[in-house]
Amino acid sequence: MIVSLSPMASLLYSLPFFAFILSLPLNQGNHETAKPKVVMEEGYMVTTLIDGHKLKINPHEVLSRPGTSDLLILDSSGSAFYTVSFPISQGAAVNRFLGDGIAGYLDGELSSARFNGPRSFAVDLKGNVYVADKINRVIRKISGSGVTTIAGNYSKEGKADGPGKVASFSNDFELAFIPEKCVLLVSDHGNQLVRQINLKPEDCVRGSHSALGAVSVWALGLGLSCLIGMIIGIVVRPYVIPHTGSVQRTSFQADMEALPNHFGETSADNLLRHQKRSC
């Protein structure tokens with residue numbers, strides 16, 4: 001005979017089973033959170049240099065500009081770059097360096113260039129700025145002659161390697177400049193890749209031809225000053241060496257020899273008297 005149970009009776013019979021399941025320990029495994037261990041090192045002070053709220057900018061990344069005392073500030077949300085002199089004094093002006101605050105994709109002159117959500121940037125030894133233009137999915141270069149694109153395809157995402165015009169990136173990547181290898185490293189987060197771009201050799205040379213010329217002029221001037229110093233030293237020497245190789249007396253020495261000693265004799269008389277004795 002089959003005995004049917006009411007819904008309430010079934011629920012009462014199921015409660016011990018659910019209680020048993022809830023009493024089992026959870027398998028935390030690798031998800032267990034480790035207790036923090038903090039070793040605080042003393043001697044460091046934190047100060048605010050730039051308040052983006054007051055300036056209405058959002059500083060996303062800051063780097064120094066080689067050869068200047070300026071800091072280069074990236075406002076990612078505003079698609080613009082700013083500069084400020086460092087150390088930053090009270091009331092120092094933050095100047096717009098590039099971008100008009102309107103997102104876009106315009107290469108060419110510095111005054112009209114536009115970016116679209118740049119994520120990060122890097123600066124080479126020559127002062128060129130390389131920009132990870134995130135939403136455009138390209139890498140841009142800022143130089144004295146303007147803005148150019150060196151790699152990427154703004155029309156589509158990808159992970160293709162090769163020349164700059166065929167390479168492609170995700171819409172989430174960052175840049176780092178390695179001067180020792182003269183390369184630009186790309187941390188392509190969206191593709192989980194680390195990419196490399198070989199830069200031009202002239203962009204990885206410390207200094208410039210003008211600087212080398214200045215050093216050469218300085219070295220030449222130093223050599224001439226040393227030579228002139230040696231000539232003056234010879235001229236003012238107390239002895240004048242004639243072509244015969246003998247040493248001539250100066251007028252000061254002649255005057256000193258002409259003075260009589262305590263016997264009333266001059267140096268010449270004293271020498272003659274000693275010669276007579278030797279004879």
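Reader: What handedness does the link of cysteine 182 and cysteine 204 have?

Author: Handedness is read from the angle about the S-S bond. In this predicted model that angle is 85 degrees for cysteine 182 and cysteine 204, and the link is right-handed. The two sulfur atoms lie 2.0 Å apart, which means the pair counts as a disulfide, the cut-off being 2.5 Å. By this rule the count comes to 1 disulfide.

Reader: Which parts of the chain does the pair link?

Author: Find the element that holds each cysteine. Cysteine 182 sits in the loop between β9 (173–178) and β10 (183–188), while cysteine 204 sits in the loop between β11 (193–198) and α3 (209–235). The two are 22 residues apart, and the pair links distant parts of the chain.

Reader: Are these cysteines buried or exposed?

Author: Relative accessibility decides that, and buried means under 20%. Cysteine 182 has 14%, so this residue counts as buried. Cysteine 204, with 15%, is buried too.

Reader: How is a buried charged residue read? Take aspartate 133: where is it found?

Author: Start with the element, then the accessibility, then the partners. Aspartate 133 belongs to strand β6 (residues 129–133). Its relative accessible area is 0%, so aspartate 133 is buried. Its side chain makes a polar contact with the side chain of arginine 140, at 2.6 Å. Leaving out residues up to four places away in sequence, aspartate 133 touches several others, among them Phe115, Asn116, Val138 and Phe173.

Reader: Which side chains make a polar contact with the side chain of aspartate 107?

Author: One is the side chain of arginine 140, at 2.8 Å. Another is that of threonine 149, at 2.7 Å. The side chain of arginine 140 therefore has polar contacts with both aspartate 107 and aspartate 133, each pair lying within the 3.5 Å cut-off.

Reader: Where does aspartate 107 lie, and what else does it touch?

Author: Aspartate 107 lies in the loop between β4 (95–98) and β5 (118–123). With a relative accessible area of 34%, aspartate 107 is partly exposed. Beyond four places in sequence, the residues touched by aspartate 107 include Val147 and Thr148. Separation in sequence and in space can also be set side by side: aspartate 107 and isoleucine 142 are 35 residues apart in sequence, and their C-alpha atoms are 9.4 Å apart.

Reader: In what sense do strands β1 and β2 pair?

Author: Look at the bridges between the strands. Strand β1 (residues 59–64) and strand β2 (residues 70–75) pair in the antiparallel sense over 5 bridges. Glutamate 61 stands opposite leucine 74 in β2. The hairpin has 5 residues between the strands, and glycine 67 there takes a positive phi near 80 degrees.

Reader: How many helices and strands does the chain have, and how much of it is buried?

Author: The chain has 5 helices and 11 strands. Of its 279 residues, 23% count as buried. The chain exposes about 20,500 Å², of which carbon and sulfur atoms supply 60%.

Reader: Which elements have the lowest and the highest mean pLDDT?

Author: Where pLDDT is low, the predicted coordinates should not be read in detail. Here the lowest mean belongs to helix α4 (residues 251–258), at 48, and the highest to β11, at 98. The chain averages 78, and 63% of the residues score at least 70.

Definitions and conventions
Residues numbered from 1 in each chain as written. Heavy atoms only, no water. Helix = DSSP H or I, 4+ residues; strand = E, 2+ residues; numbered from the N terminus. Buried < 20%, exposed > 50% of the residue type's maximum accessible area, 1.4 Å probe, protein only. Polar contact = N/O pair within 3.5 Å; in protein donor to acceptor, adjacent residues only side chain to side chain. Contact = heavy atoms within 4.5 Å. Areas by Shrake-Rupley, 256 points an atom, 1.4 Å probe, with all protein chains shown as cover. pLDDT = per-residue confidence, 0-100. Pairing = 2+ DSSP bridges.
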